[in-house]
Amino acid sequence: MIRKNDEIELTIENMTSEGSGVAHADGLAVFVPGAAIGDRALCHIIKVKKNYAVAKLTRVLEPGADRVDSDCPYFPRCGGCAYRHIRPEAELRIKRDRVREDIRRIGHLELEVRPTLDAGRLRYRNKAEYPVRRDEKGLHIGFYAAKSHRVIDCEDCLLQPSVFADIVRVFRGWLEAYGISVYDETTGRGLVRHLYLRRAEATEQIMATVVATRDTLPREAELVAALTRAFPEIKSVYLNVNGADTNVILGSACRLLWGQETITDTLCGRRIALGPLSFYQVNRAGAELLYGEAMRAAALTGKETLLDLYCGAGTIGLSMSDHADRLIGAEIVPQAVENARENALANGVTNAEFLCMDAAEAARTLAGRGLKPDVIVVDPPRKGLSPDLPAIIAGMAPDRVVYVSCDSATLARDLERLNALGYVPQYAQPVDMFPGTAHVETVCLMSRDEGK
């Protein structure tokens, strides 16, 4: 029987949804972060529970066929990535297998799961949120270590545009030069919490936002001068105020310190205005791939009424609006609804309206008005559809439901619910929107069973 602190040899058989290797010993599943399928490895047991154990990878004795040398000097200390040590083809396979297994095990459905689409491997993120901390070793700006709030200094993340690293260096210089106070999570004291950068890929415009506990910064003018002098592509500098004792990064209040209120990107041929609080997919190329799959699944002919639930800033619906007769979007976040309306206006879209409502409330209200959408698109958060929404969707009797998911476990649960209500899943298409990480997006098409 294995015990804590045992050193044992394991062969890795599979991967978890978080990217840890899975082996078995003495009837227990053993989870090994940093392992790859096929590895034969010496592992140190650090935790033993009734049904599983956790081990630290001590030494790879014989690497599996999927293993490669990591291209990132911060992996695995930084918790941002899970798969920098395996081949890209293996990552795509693992993510497809995960979607298929979740649908089978949780949704109790056998479904065609297509090969995972690759959205590009490096420098794909258009935003980054850098926590700022100070301790006895000095100032740290970077990313959190895995499963902690300990900040790992990061000179250059391979997922971010290289210019972000240069901006961080200038920001660090401003903090150090003027002795700017840094927030301390343990005491709740201090000023600067995060540096939040956003880049519009099509225009190369950048927005820099300092997240702080108060609504003023010392030496604001010097910060603006340092950033804009070094980086002419910076078009906006904001201060976001978050004084709460919370893990949430952004507060609700923003003050423009300098420049434009928004920066502008293009997505699926639409101009998108981005403010500091706007929702926007962090991988623009991946979003175009994902939305293209959603459009193919929707199979619009120009005659349909399209209902876009959990619409965010309207990007999915607006990408399809030329192919629909009418678009109605619903989103509970007021800022996102405002952005959606502005984006529709900026792109000359006249067949769209956006409601500021919870998805279930919006669907129930529209159903009460007699709306019969031909196609419903849902793009819920990780927790999936609210419990009452599947029945409301089924009651509206659309021909097709297109589910865009960021969590295959809740997707599988909701597919089972919708299937029981007469919506038969046709296929699932994984999209690797976040290469290197454990996340995978999925588009699933469901069609109405005329016999129910």
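Buried denotes a relative accessible area under 20%, exposed over 50% and partly exposed in between, with a 1.4 Å probe and protein chains only. The structure is a predicted model, in which local features need pLDDT of at least 70, side-chain atom pairs count only at pLDDT 80 or more, and totals for chains, interfaces and linings use all residues. Residues are numbered from 1 along each chain as its sequence is written, and side-chain values use heavy atoms, with hydrogens and water left out.

**View A. Helix α2 and its covering elements.** Helices (H or I, at least four residues) and strands (E, at least two) are DSSP runs numbered from the N terminus. The buried residues of α2 are Val-163, Phe-164, Ala-165, Ile-167, Val-168, Phe-171, Trp-174 and Leu-175. Elements covering them include β8 (127-135), β9 (138-144) and α3 (220-230), where contact means heavy atoms within 4.5 Å. Gly-179, with a positive phi near 60°, follows α2.

**View B. The aromatic pair Tyr-130 and Phe-143.** Rings of Phe, Tyr and Trp (its six-membered ring) pair if their centres lie within 6.5 Å; planes under 30 degrees apart count as stacked, over 60 as edge-to-face and the rest as tilted. Three aromatic pairs occur in the structure. The ring centres of Tyr-130 and Phe-143 are 5.0 Å apart and their planes lie at 35°, so this pair is tilted. Because Tyr-130 belongs to strand β8 and Phe-143 to strand β9, the pair ties together parts 13 residues apart in sequence.

**View C. Surroundings of Thr-305.** Thr-305, in strand β17 (residues 305-309), is buried, with a relative accessible area of 13%. Not counting residues up to four places away in sequence, Thr-305 touches Arg-326, Leu-371, Pro-373, Asp-374 and Val-375.
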